[in-house]
Amino acid sequence: MSVREIVLLGDPILRQETEEVEVFDDDLRALVRDLFETMYHAEGIGLAAPQVGVDKRVMVVDLRREDEPSAHVALVNPRVIWASDETDRQPEGCLSIPGIEDVVERPKIVRVQGSDPQGRDVVIEADDLFSRALQHEIDHLDGVLFLDRLTPLKRRMALKKWKKQQEAAE
Ligand code: NI
């Protein structure tokens, strides 16, 4: 197991649609372990494979620290198959865009279908923070970032802040 480097906004891998996983082997399970380890190391609650530079539909979420004991999952090839009309607005951030946070509106409840790392079919219905975390990570697998879900004005402000922050770090 190892902690991998998290790629940041600007890296083209964050903007591409990832490849479906077809082989459920030890390499896949090693990737899942590394995603968990990298996420814990960065003190995040979710992480997707492209964030460690891997072009595959694999993601992890762990909300046990947030008092959601069942919200600890590794999903392969996940898709949102149903979303509630009711939405929820909560602040969101991303390990690939550190220091930037904003309120994102998303469906409150979603049903997600995918596989576990052993290749078994999984369907999860999630609400509130679990729902939000799943949607955020699945977005990553489609090359979508939470910034894309802000209004154009808020997105411009967030990008401006990000640029300033990057310049200050140089
Ligand atoms: Ni993210």
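Let me begin with aromatic pairs. Rings of Phe, Tyr and Trp, the last by its six-membered ring, pair if their centres lie within 6.5 Å, and planes under 30 degrees apart count as stacked, over 60 as edge-to-face and the rest as tilted. By this rule the count comes to 1 aromatic pair. The partners are phenylalanine 36 and tyrosine 40; their ring centres are 5.9 Å apart and their planes lie at 20°, so the pair is stacked. Both residues sit in helix α1, 4 residues apart, which separates them by about one helical turn. Helices here (H or I, at least four residues) and strands (E, at least two) are DSSP runs, numbered from the N terminus. As for accessibility, buried means under 20% relative accessible area, exposed over 50%, and partly exposed in between, with a 1.4 Å probe and protein chains only. Phenylalanine 36 counts as buried at 13%, whereas tyrosine 40 is partly exposed at 39%.

A word on provenance. This is a predicted model, in which local features need pLDDT of at least 70 and side-chain atom pairs count only at pLDDT 80 or more, while totals for chains, interfaces and linings use all residues. Residues are numbered from 1 along each chain as its sequence is written, and side-chain values use heavy atoms, with hydrogens and water left out.

I turn to the sheet. It is open, has 5 strands in the order β1-β2-β3-β6-β7, and its pairing is antiparallel; two strands pair if DSSP finds at least two bridges between them. At the edges stand β1 (46–48) and β7 (121–127), each pairing on one side only. From one strand to the next the twist averages 40°. Axes are lines fitted to C-alpha atoms, for helices over the stretch in contact, and angles run from 0 to 180 degrees between N-to-C directions.

Which strands does helix α1 lie across? Helix α1 (residues 26–41) lies across β1, β2 and β3 (72–83), and runs at about 40° to β2. Helix α2 (residues 128–141) also packs on the sheet, touching β1, β2, β3, β6 (109–115) and β7, with its direction at about 160° to that of β2. Contact means heavy atoms within 4.5 Å.

Strand β7 has a covered face of Val122, Ile124 and Ala126, and an uncovered face of Asp121, Val123, Glu125 and Asp127.

Positive phi also occurs outside glycine. Glutamate 43, in the loop between α1 and β1, has a phi of about 55° and is exposed, with a relative accessible area of 61%. Aspartate 128 lies in helix α2, has a positive phi of about 50°, and is partly exposed at 34%.

Next, the metal site. Which residues coordinate the nickel ion? They are Cys94 (SG), His136 (NE2) and His140 (NE2), at 2.1 to 2.3 Å. The donor residues are spaced C-x41-H-x3-H in sequence. Cysteine 94 lies in the loop between β4 and β5 (102–107) and histidine 140 in helix α2, so this pair ties together parts that are 46 residues apart in sequence. Cysteine 94 is buried, with a relative accessible area of 10%, and histidine 140 is buried at 1%. Donors are N, O and S atoms within 2.8 Å of the metal (3.2 Å for Na, K and Ca); water is not among the atoms, so sites may look incomplete.

Finally, the loop between β3 and β4 (87–92), where serine 84 is found. Is serine 84 buried or exposed? Its relative accessibility is 11%, so serine 84 counts as buried. A polar atom of its side chain lies 2.9 Å from the backbone oxygen of glutamate 86. Not counting residues up to four places away in sequence, serine 84 touches Pro107, Lys108 and Ile109.

Glutamate 86 is found in that loop too, and is partly exposed, with a relative accessible area of 48%. On the rule that leaves out residues up to four places away in sequence, glutamate 86 touches Arg106, Pro107 and Lys108. Glutamate 86 and arginine 106 are 20 residues apart in sequence, and 8.5 Å apart in space from C-alpha to C-alpha.

Notes
A polar contact is a pair of N or O atoms within 3.5 Å; within protein, one must be able to donate a hydrogen and the other to accept it, and residues adjacent in sequence count only if both atoms are side-chain atoms.
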